[in-house]
Amino acid sequence: MMQFDAVKVKESKKPNQTRQEKKITKQINKINKVYPVCGVTGEEFIKSKIGATVVYFEILDVRKYDLFLMDEQEFQFVTENNWKFQKQYPFPIKEVYMNFPEDNQQQQDYFKHKIERTTNPAQLEALHTELEKLKHIEKTYEMRDTYLFVFGKSVEELQKRLEQVRRFNNFLGMNTVPMRKKEKILFRLNNHNTRG
């Protein structure tokens, strides 16, 4: 992943800009006032700037729990660990709940592969039916995802805070989010009425 930093690019602007370059710089400045993400570090942390404050954050995918299907012991485990986590981690953290379209492209590719190699008409019809079901699911259904945003004033501080959060991994079941998924999450946060 290539890192970038919009703040450094802005600070190192050329003294003799053309009219077109000045116009582009002005448009970028308007965007930066509204959209706080301004860079990605080498560790794939997101750099954000609001006013004069620069903050780094990481997005973690965490385990989802269905409280209605739990037995009493599981429910106690989840509530006690959540309580401990909230008490023992005093730093800023944000829980984000989002719906993303169902992604079943691998399953669709498998059915397409089977369709290409099938000669039996009954099997072919069943495979086409299953493929259409998958396409319908992908278009209409959304999966609920849960993420934790962990913040720090520097990369080093963020790494220390991530270590503190990782102490609760038996409860949170954390996974780091790949950069492509982070882009989708940030896009979705800023464009609520779009799919994807």
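Start with the largest pocket, which holds about 360 Å³ of space (an open set of 1 Å grid points over the protein atoms alone where a 1.4 Å probe fits, with protein on both sides within 12 Å along at least five of seven lines; the volume is the space filled by probe spheres set on the points). This is a predicted model, where local features need pLDDT of at least 70 and side-chain atom pairs count only at 80 or more, while totals for linings use all residues. Numbering runs from 1 along each chain as its sequence is written, and side-chain values use heavy atoms, leaving out hydrogens and water.

The largest share, six residues, belongs to α3. By class, the lining has 10 nonpolar, four polar and three charged residues.

Then hop over to helices α4 (residues 105-117) and α5 (residues 121-140), whose axes come within 10 Å and cross at roughly 160°. That makes α4 roughly antiparallel to α5 (angles over 145 degrees count as such). The crossing of α4 and α5 is left-handed.

Show side chains where the two helices touch (heavy atoms within 4.5 Å): on α4, pick residues including Phe111 and Ile115, and on α5, Leu124, Leu127, Leu131 and Leu134 among them. Altogether, this contact has six nonpolar, four polar and five charged residues.

Notes:
Axes fitted to C-alpha atoms, helices over the stretch in contact; angles between N-to-C directions. Helix = DSSP H or I, 4+ residues; strand = E, 2+ residues; numbered from the N terminus. Parallel < 35°, antiparallel > 145°, perpendicular 65-115°, else oblique. Left-handed = near helix turned anticlockwise from the far one by under 90°. Nonpolar A, V, L, I, M, F, W, Y, C, P; charged D, E, K, R; others polar. 1 Å grid on protein atoms, 1.4 Å probe; cavity = no way out; pocket = protein on both sides within 12 Å on 5 of 7 lines; lining within 4 Å.
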